[in-house]
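I had the model open this morning and kept notes as I went. Here they are, in the order I looked things up.

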Amino acid sequence: MSVTTAASAAVPAIQPRRTFAIIAHPDAGKTTLTEKLLLLGGAIHLAGQVKARGERRRARSDWMKIEQDRGISVTTSVMTFDYEDITFNLLDTPGHEDFSEDTYRTLTAVDSAIMVIDAAKGIEAQTRKLFEVCRMRDVPIITFINKMDREARDPFELMDEIADTLALDVAPVSWPVGSGSDFRGCYDLLDNQMLLLEGGGAAGSKKTAIACKGVDDERLAKVMSDEQRAKLAEDVELIEAACPPFDQESYLEGHMTPVYFGSALRDFGVKEVLDGLARFAPSPRPQPADGRTVAPEEDKVTGFVFKVQANMDKNHRDRVAFMRICSGKFRRGMKLRQSRTGKSLAVYNPILFFAQSRELAEEAFPGDIIGVPNHGTLRVGDTLTEGEDIRFTGIPNFAPEILRRVRLDDPMKSKQLRGALEDLAEEGVTQVFRPVLGASWIVGVVGQLQLDVLATRIEVEYNVKAGFEAAPYDTARWIDGDKGEIDRLIEANRGSIAEDRDGAPVFMARNNWELNHIQQTWPDLRFTATRERA
Ligand code: G4P
């Protein structure tokens, strides 16, 4: 008689997941850090592979070519790698000229983020914007202060800047000794060891770790000058007095950020950040839906679409919808119900993304991202389930940062233009606004490339020639509050009011001053920079 023991019958445990993004201002070192993380995870084997792709992409002036090349070969959108028995899903947040609403929406699909800051520059505009999106969902953030091998600002000044501008508690977990040509390495405050970069960070520098009893450990005398040791001891004393100790709970709630220093280029401090992600960052988090919160441990599969990549090739109209699995075990061929339409969809060719390839996904778990090829049925914000009628919330529209008036070359095509704009808005390519006064549509995007994609798709897919002209508005805010009060505001400001595609009222501001002024004049109304998709 054969006996099945509990152990032999047990399903192998699912590897823990960390689904994260890197947020940074352009040039802070996101690509370099990504590459070093992928090298550590064994997902690429040669330095320069991510970078080369990034540069080739940037060097091309013809954006159509970029889109064609990217088409549906979007391998860099999600990069999956394993490290120390954990599966890491790194979601790319497009930056530079391909900054778009997708950049923001990607952050709705992660459980944590790494914020990269250039040590010479501190918090820059784009870091701040991306941080605000993370804050909406209390996404926990690990900070990496990069480029310590170059002249850097005073680390205490940087700590203050992060704490003040982002209203975050800042807890250094490593601390630099020197910077630029004097950079000696970092003292690991959590595990009491000196991580030494011999050779000051020049190419070929060696890394060594020296276990210490504290910053006054005699072993440090051999590797640092007396002056450096005294400074380190003084700094650590100040940190203990001025900074709160690292508290994982507070980090997980999004109130505190642990700070690491290093140099992505010299591959220094990168392993520590990855270890930090493994040690502290959350596993796939429960996701808010209307009516209830979905826990990752639930049996039934649920997920949401946070990005749709269209193929610009006219002959291949396929799209890939990027879906984050929120619960259950997804299996290839599964039938999923699209909550928006109630229709069901069999997913025969789901894609799993790796740094340099993609594969058919036989199965996927909460926290994983799969690509679902489709012909335009799936839209940004869609919820897919094994049957339950729920919708995930928190995949909103973001206030546009570029607003343009649509100019139609052939007035006979206004119906087609309307159809095109409505379709593309629903797909998440653009936002459209209809001013209360005047007949032209206003489109809103957050990046220039998004506008170029829009113009081409209107022409190629809908056969309508349209151009964009400057609109007198700088930004838009959704208006929320008491209906009577909203009506009074609309009456008093008709020239600045528009409706979004769902008919929700929007205030179009000419500049920041006007936005502040309207907020002060109508203190009972809320002017919001995001709106849940209907
Ligand atoms: P991004 O993706 O955030 O835009 O930044 P990216 O990694 O492309 O880095 C921007 C520039 O900063 C690159 O230099 C890169 O080599 C450099 N860099 C990144 N990390 C470090 C670091 O730790 N130390 C130093 N000294 N430099 C760093 P580049 O001149 O624009 O490109 P390249 O010619 O070096 O490739």
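Predicted model: local features only at pLDDT ≥ 70, side-chain atom pairs only at ≥ 80, totals over all residues.

**Entry 1**

I then asked where the two residues sit. Phe-304 belongs to strand β14 and Phe-392 to the loop between β23 and β24 (397–398), so the pair ties together parts that are 88 residues apart in sequence. Their ring centres are 5.7 Å apart with the planes at 55 degrees, so I noted the pair as tilted.

Next I looked at β14 itself. How many of the nine residues of β14 are buried? I counted nine of the nine in this strand (residues 302–310), so β14 is largely enclosed by the rest of the structure.

I also looked up its partners. With strand β15 (residues 319–327), β14 pairs in the antiparallel sense over eight bridges, and in β15 I found Met-323 opposite Val-305. With strand β23 (residues 383–385), β14 again pairs in the antiparallel sense, here over three bridges. Leu-384 in β23 stands opposite Gly-303.

**Entry 2: other rings**

I went back to the aromatics and got a count of 13 aromatic pairs. One of them is Phe-81 with Phe-88: the centres are 5.3 Å apart and the planes are at 10 degrees, so this pair is stacked. Are these two residues buried or exposed? Buried counts as under 20% relative accessible area. Phe-81 has 3% relative accessibility, so I put it down as buried. Phe-88 comes to 0%, so it is buried too. I also saw that ring pairs link Phe-81 and Phe-88 with Phe-20 and Tyr-83 into a cluster.

**Entry 3: the seven-stranded sheet**

I then turned to an open sheet of seven strands. Its order is β2-β3-β1-β4-β5-β11-β6, and the pairing is mixed. Which strands are at the edges? They are β2 (78–83) and β6 (169–172), and each pairs on one side only. Neighbouring strands here are turned by 30 degrees against each other on average, direction ignored.

Inside this sheet I checked strand β1 (residues 17–24) and strand β4 (residues 112–118), which run parallel and are joined by five bridges. Ile-22 stands opposite Ile-114 of β4. Helix α2 (residues 30–40) packs on the sheet, where it touches β1, β2, β3 (86–91), β4 and β5 (141–146). The direction of α2 makes about 155 degrees with that of β1.

**Entry 4: the eight-stranded sheet**

A further open sheet has eight strands in the order β28-β25-β27-β26-β30-β31-β29-β32, with antiparallel pairing. At its edges are β28 (466–470) and β32 (526–528); each has a single partner strand, so one side of each is left without a neighbour in the sheet. The twist from one strand to the next averages 40 degrees. I picked out strand β26 (residues 431–435) and strand β30 (residues 497–500), an antiparallel pair with three bridges. Pro-435 stands opposite Ala-498 in β30.

**Entry 5: helices across that sheet**

Two helices came up here. Helix α13 (residues 483–492) lies across β29 (475–480), β30, β31 (505–509) and β32, at about 145 degrees to β29. Helix α14 (residues 512–521) lies across β29, β31 and β32, at about 135 degrees to β31.

Which of its residues are buried? I listed Glu-485, Ile-486, Leu-489 and Ile-490. Seen down the axis of α13, the buried residues fall within an arc of 140 degrees, so they line one face of the helix. They pack against β29, β30, β31, α14 and β32. On the other side of α13, Glu-491 and Ala-492 are exposed. At the start of this helix, a side-chain oxygen of Asp-482 comes to within 3.3 Å of the backbone nitrogen of Gly-484.

**Entry 6: the whole chain**

To finish, I took down the totals. The chain has 14 helices and 33 strands. Of its 534 residues, 54% count as buried. Among contacts in the chain with a separation of 6 or more, residues 24 or more positions apart account for 71%.

Conventions:
Residues numbered from 1 in each chain as written. Heavy atoms only, no water. Buried < 20%, exposed > 50% of the residue type's maximum accessible area, 1.4 Å probe, protein only. Helix = DSSP H or I, 4+ residues; strand = E, 2+ residues; numbered from the N terminus. Pairing = 2+ DSSP bridges. Axes fitted to C-alpha atoms, helices over the stretch in contact; angles between N-to-C directions. Contact = heavy atoms within 4.5 Å. Arc of directions from axis to C-beta. Polar contact = N/O pair within 3.5 Å; in protein donor to acceptor, adjacent residues only side chain to side chain. Phe/Tyr/Trp six-rings, centres within 6.5 Å; stacked < 30°, edge-to-face > 60°.
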